[in-house]
Amino acid sequence: ESPWLAGLNGSIDYYNVEITDAIMPYSLDYAAFRCYGSKIVGSAAEAAIQAATEGCQLTPRDQRNGAGLSTKVSYDNAATIKTAGFDVGVNWFANLGELGWDVPGSLALGVNATVLDTYETKQSAAAYDIETEWKGSLGPNLQGTNGGAYDYRLFGNISYILDNWSIMLRWRHLPSVYSAGYASQQALIKNNAAVTGGAPGLILGYTPSVEIETESYDIFDLSMNYTLNETVTFRGGVTNLFDTAPPNVGSSAGRPAGTNLSVCNGAPGCRNATNFSLPSRGGFSGGYYDTLGRRAFVGVKASF
């Protein structure tokens, strides 16, 4: 009965999806294993037979010097994809006069959030294709999957409606995030620590990343609608109202000279960086951030 609560509604949806034997291009390591890891040969004759197999035909070598040529990969039902999280939505609407305010019109508020609990993939069951947790990164970057595994995403709006016109301010928030490459390296570090502790698998090599986490991002859009009559409706607005610049994705802190001896600190699989590098600014990602800047639009709709 309260006018403050009569227009309030919300929803919470939980999803938990696991796909086994997912169709995905297999990794280069898996392609090499199909040839070199599937059988140990002991003679030139056995080597010739093995070289003629389908697996080895996809990993060709130069017949003059044995150097590896371009490896070919194909699709296989070998991958695993697991993801879970929550979708939350809250909406509120009220006539301002019913709230005791001496103001005409109505007000509407809405907030929607997606909270990611996990997003894991494994390209094959082999030990060298390790399980990767993409949460908090712009991954996964595997074909057939959608990137942008932010910890959460927020989308909100506030609207004022009076008679035949309305105005709305929209807000989108993306938290800080790392690149897909950084997430892949964290998966290597986790794998190596587990194997060192006695878990089955392989110690895999990596050079520690000096990537800088991409900062959080907020963008606002303003729009309006005016209904002239039953036939004509006008609309207009400003996208990226505050001309918010996109953040740099994948920036690097660089490696000062003389620090390569202490980079790894004994971590399993870690390889010391041997080259000096300057700090660098990453690029812009138009898939998640607005790279065009503030811009306005107007339009008219006529119905007959």
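Contact here means heavy atoms within 4.5 Å. On that basis, and leaving aside neighbours within four places in sequence, Leu-241 is in contact with Leu-169, Phe-220, Leu-222 and Arg-294. The model is predicted: local features need pLDDT of at least 70, side-chain atom pairs count only at pLDDT 80 or more, and totals for chains, interfaces and linings use all residues. Residues are numbered from 1 along each chain as its sequence is written, and side-chain values use heavy atoms, with hydrogens and water left out.

Leu-241 lies in the loop between E8 and E9; strands (E, at least two residues) and helices (H or I, at least four) are DSSP runs numbered from the N terminus. With a relative accessible area of 21%, Leu-241 is partly exposed, a class that falls between buried (under 20%) and exposed (over 50%), using a 1.4 Å probe and protein chains only.

Not counting residues up to four places away in sequence, Pro-256 touches Phe-276 and Ser-277.

## Aromatic pairs

The whole structure holds ten aromatic pairs, defined for rings of Phe, Tyr and Trp (its six-membered ring) with centres within 6.5 Å; planes under 30 degrees apart count as stacked, over 60 as edge-to-face and the rest as tilted. The ring centres of Phe-33 and Tyr-128 are 5.9 Å apart and the planes stand at 50 degrees, so this pair is tilted. It links distant parts of the chain, 95 residues apart: Phe-33 in helix H1 (residues 28-37) and Tyr-128 in the loop between strand E3 (106-122) and strand E4 (132-133). Phe-33 is partly exposed at 38% relative accessibility, whereas Tyr-128 is buried at 17%.

Tyr-160 and Trp-165 form an edge-to-face pair, 5.9 Å centre to centre with 65 degrees between the planes. Trp-165 is partly exposed, at 31% relative accessibility. Elsewhere, ring pairs join Tyr-150, Tyr-217, Tyr-288 and Tyr-289 into a cluster.

## A nonpolar surface patch

Trp-4, Leu-5, Leu-8, Val-90, Trp-101 and Val-103 form a nonpolar patch on the surface, with about 570 Å² of accessible area together. Patches are made of residues with over 30% relative accessible area and no salt bridge; nonpolar side chains (Val, Leu, Ile, Met, Phe, Trp, Tyr) are joined within 5 Å, like charges within 9 Å. A salt bridge is a side-chain nitrogen of Lys or Arg within 4 Å of a carboxyl oxygen of Asp or Glu. Accessible areas come from the Shrake-Rupley method with a 1.4 Å probe; for residues, only the protein chains shown count as cover.

Trp-4 sits in the segment before strand E1 (8-25) and is partly exposed at 42% relative accessibility.
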